[in-house]
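Here are my notes on this one, in the order I'd go through it on screen. Have a look at the model first, then read on.

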Amino acid sequence: MENYSFFTDELEAADHVIEVLSNVLTVNTVFIASNDGKTNRILRVFNREEVLVNEGLELPLQDTYCGLISGKAAYVAHTSEHPSTCMMPVTETMGDHSFIGFPVNLRNGEIVGTICAMHSPGYIFSKAEVQSMYSMAILMSHVTELQHQMDSPLVR
């Protein structure tokens, strides 16, 4: 029996996830980032109107909204008002937005990336949007775990 795979690697899966989420969500920006615990790197991004995030951008993890994501999702209604984000250089650069992010993790719990969305300040993500993002984070976690087992982890 042949070994079938839906995706050849994490980046192909990330392309699919971005395509799905950009069609399901009405938010401005959706992105997938990898991190090695120190550096956050934007792997794939979709910006609907305003360009908030650029593919390939690398920043220290602690200076990014993705750094707020632990074992569960993180939500900030106003990045310019929240105590964890108001002093970040990215908030100064981009201005006030709403942010939501979900972890992409390995089976052992190690967070190796995030799936995130940003929109206008105060935006309340609907239950369907949250469920869609969470589902895609689970998909990316499984793809990443399989790739990790094949000695090619998401974090490069």
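1. Contact here means heavy atoms within 4.5 Å. With neighbours within four places in sequence set aside, Met133 is in contact with Leu21, Leu25, Ile100, Phe102, Ile115, Cys116 and Ala117.

2. Some housekeeping: this is a predicted model, with local features needing pLDDT of at least 70 and side-chain atom pairs counting only at pLDDT 80 or more, while totals for chains, interfaces and linings use all residues. Residues are numbered from 1 along each chain as its sequence is written, and side-chain values use heavy atoms, leaving out hydrogens and water.

3. Now Tyr75, which sits in strand S4, residues 74–76 (strands are DSSP runs of E, at least two residues, numbered from the N terminus). Tyr75 counts as partly exposed because its relative accessibility is 36%. Beyond residues up to four places away in sequence, Tyr75 touches Phe99, Ile100, Gly122, Tyr123, Ile124 and Phe125. A polar atom of the Tyr75 side chain lies 2.7 Å from the backbone oxygen of Tyr123.

4. As for overall dimensions, the C-alpha trace spans about 55 × 30 × 25 Å along its principal axes.

Definitions and conventions. Helix = DSSP H or I, 4+ residues; strand = E, 2+ residues; numbered from the N terminus. Buried < 20%, exposed > 50% of the residue type's maximum accessible area, 1.4 Å probe, protein only. Polar contact = N/O pair within 3.5 Å; in protein donor to acceptor, adjacent residues only side chain to side chain.
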